[in-house]
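Let's take a walk through a protein together, starting with its overall build and ending with the spaces in its surface.

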Amino acid sequence: PRPQPVREMPVQPRPVAQPQPVREMPVQPRPVAQPQPEPAPRAKRSWKGTLIFYLCCLIFVFVFYVGAFIGLNFLKDWLVKFEAAQPTVKCQEVFDQLFADPDWEELYELAGMEAGSYEGVEAFASFMDAKVGDSELTYLETSAGLSGDKKYVVSLGEEKLATFTLEDKNDAQGMTAVPDWQLSGVEFFLEGQERFQIVMAEGCTAYVNGTALLDDQVVARRISRADQYLPTFAPRTRLLVLEVSGLLTQPTVEIRDAGGTAQTVTFDAATGTFTQEQTQDALSEEHRKLALDAVKTYALYMSGKATRADVGKYFDKNSDTYASIMDADLNWVQKGSEYTFTDESVTNYRTHGDDIFSVRVSVDLNITRKEDGSVKTTDITQSLFFAKNANGGWVCFEMTAVDVDQWTEEVKLTFVKDGQIITEGFLDAESTSVSCPVISVPEGKTFKGWTVEEKDETGRTVLRLVFTPDETGNMILPAGTVLTPMTLSPLFE
């Protein structure tokens, strides 16, 4: 390619700076100090004004100090009172006063407890002394409901004994109000659990802690088996069993006869039973020999060795016993060569008035056989009843193998509904059946039977079903059932 010609650029001349004119600053004239006027002379302060000023200050300080002192002391007293009035402090004070070293008689009065039929403040104090002893009591706050009071439970270990309640007597309202918590009540969780029975002769009166028991407290009657063999005119021997329950401690029991003479009483701690000691009649030698001879004569007659005349000397010829002996078939009796008696005993001697007595005789009749000389021993044990005849002598009018010194018992059954007694009465303890009252059944319910209240091992009250009668109220009891005194109530489901 053909070369291009070079263009020359024209040179521009650089501009030259033009000189600036100088400005002259105007000169300010310096101010000249003006002469100050001399201050006016200060007036002198009066000493009286100064004194008043400081006196006022001193009075103000004094009044402030006095006011502060009074106010702080008032506040201190208020705080002390307010703190002391708090239930957390007051409850400890009350607890220490009442239960740290308890006066049980005073607490009995504070609790408003009323003496029962047989126990009062002495029994309560004795029971609590024995129960608590030197053990330490504790307390814990519990709910007092909507009353606003403060309630505390007093315990002996895990067992609750009592409560005490604090009440604000000032009914304090607001932040500055000081409550006045005071003891308003004491209550004990005590329910007498002790039950005791008293056995005494009919016609006597029992006293428990000085109070006579009533006839409606008889829960059983014991009748001597001898009664059924005695003539109608003869006095009977019956024992009454009375029961008293709900006591705190073992009571003092006294028994007096119809004439007011105190009887000897024994106590069985295992069963909680007080028993009148029965007087044992003294067996005379005359009666002892008479009873032995009567039994021996009977034994010899039954062995073919005594006559009717011999039996008639000891037995009433008009009695069923004499007739029964005479009717015995003696043809089967094996004759012996010798008849002897050993192991003779006369026990259970009882008088039934002046003209009748009973006794139990036991002898062994030893018969030596003619054939081989062997000895046959027969035990003969009989209960005999003797009475005076027209001539003043004693004859046996009744003889039985039954031990008449035993007792039959009739127990009291009380049927209750809604707290009202429906029926009650005595029934032989060995009865094979029982007749219960027929009652109406609430609508929608089913009658299950009759129950009794009992305490379980934890002390709770439970119901035990005893009788399940048919629609007519009758029930056959299981074999071997022995009834005890009971108060029964119906069970509906």
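The paragraphs below go from the whole chain to its pockets.

Keep in mind that what you see is a predicted model. Of the 493 residues in the protein, 32% are buried.

Now for the empty spaces. Rolling a probe the size of a water molecule over the atoms shows where empty space is left. Here, the largest pocket holds about 1,000 Å³ of space. It is lined by 29 residues, and those closest to its centre are Arg-195, Glu-243, Ser-245, Pro-485 and Thr-487. Several strands each supply at least two residues of this lining, among them strand E5 (194–201), strand E9 (238–247) and strand E23 (486–492). What kinds of residues line the largest pocket? Sorted by class, they are eleven charged, ten polar and eight nonpolar.

Next comes the second largest pocket, with about 500 Å³ of space. Its lining has 24 residues, and Thr-237, Gln-278, Thr-279, Arg-350 and Thr-351 lie nearest the centre. Two or more lining residues come from each of strand E13 (336–351) and strand E14 (356–369). By class, the lining of the second largest pocket divides into ten polar, eight charged and six nonpolar residues.

Note on methods: Residues numbered from 1 in each chain as written. Predicted model: local features only at pLDDT ≥ 70, side-chain atom pairs only at ≥ 80, totals over all residues. Heavy atoms only, no water. Buried < 20%, exposed > 50% of the residue type's maximum accessible area, 1.4 Å probe, protein only. 1 Å grid on protein atoms, 1.4 Å probe; cavity = no way out; pocket = protein on both sides within 12 Å on 5 of 7 lines; lining within 4 Å. Points joined across faces, edges and corners; volume = space filled by probe spheres on them. Helix = DSSP H or I, 4+ residues; strand = E, 2+ residues; numbered from the N terminus. Nonpolar A, V, L, I, M, F, W, Y, C, P; charged D, E, K, R; others polar.
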